[in-house]
Amino acid sequence: HTQNTPISPSEGYSLQDPNPNTFDEAEEAITSLNALKNQIKHKFKSLTPQEMIVFSTIYEFQDQNLQVTYKTLATHLKLSESSIRDYINRLVRKEVPILKEKVNNKLILLSISQNLCKNLSLSSIIALRDL
């Protein structure tokens, strides 16, 4: 035998929608995502063509599981290692997520943040630059 007893609001239950304005929350999320997209677009639009080439090369080498160093970039792009260092430093100053990892206190490996690679393909980044 079961008994139907009403639950009062004082017991923590409300007849109102638990998410009273999901459409407003969705709008806020979309607005926030658009703002982030614009920040990323602005960041990559601010790169010079040469900086973008250096960034793209790092991205492509990383995609191919190749070790990226100043020397490999310099050789591939036919630039000096010092020029590559300058471009990398400029990219870092512009807050492009490039990581430097020192190995054996000598060799510096370059990579792009996995979060960026996971969420944006190189073609998407290039397309953002063209918007």
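This is a predicted model: local features need pLDDT of at least 70, side-chain atom pairs count only at pLDDT 80 or more; totals for chains, interfaces and linings use all residues.
Start with the strands. Strand 1 covers residues 98-103 and strand 2 covers residues 107-112. The two run antiparallel to each other and are joined by 6 bridges. One of these pairings can be located by residue: Lys100 has Leu110 in strand 2 as its bridge partner. Between the two strands lie 3 residues, and the whole arrangement is a hairpin. In the turn, Asn104 has a positive phi of about 55°.

Next, find helix 6, which spans residues 122-130 and contains Arg129. Arg129 carries a charged side chain that counts as positive, and this residue is buried. What is the nearest side chain of opposite charge to Arg129? That side chain belongs to Asp130, 5.5 Å away. A salt bridge requires a side-chain nitrogen of Lys or Arg within 4 Å of a carboxyl oxygen of Asp or Glu. Arg129 has no salt bridge.

The side chain of Arg129 does have a polar atom 2.5 Å from the backbone oxygen of Phe44.

Finally, turn to helix 4, residues 81-93, where Ser82 is found. Is Ser82 buried, exposed or partly exposed? Its relative accessible area is 45%, so Ser82 is partly exposed, because that term covers values between 20% and 50%. Ser82 and Lys71 are 11 residues apart along the chain, and their C-alpha atoms are separated by 9.5 Å.

Methods. Residues are numbered from 1 along each chain as its sequence is written. Side-chain values use heavy atoms; hydrogens and water are left out. Two strands pair if DSSP finds at least two bridges between them. Helices (H or I, at least four residues) and strands (E, at least two) are DSSP runs, numbered from the N terminus. Buried means under 20% relative accessible area, exposed over 50%, partly exposed in between (1.4 Å probe, protein chains only). A polar contact is a pair of N or O atoms within 3.5 Å; within protein, one must be able to donate a hydrogen and the other to accept it, and residues adjacent in sequence count only if both atoms are side-chain atoms.
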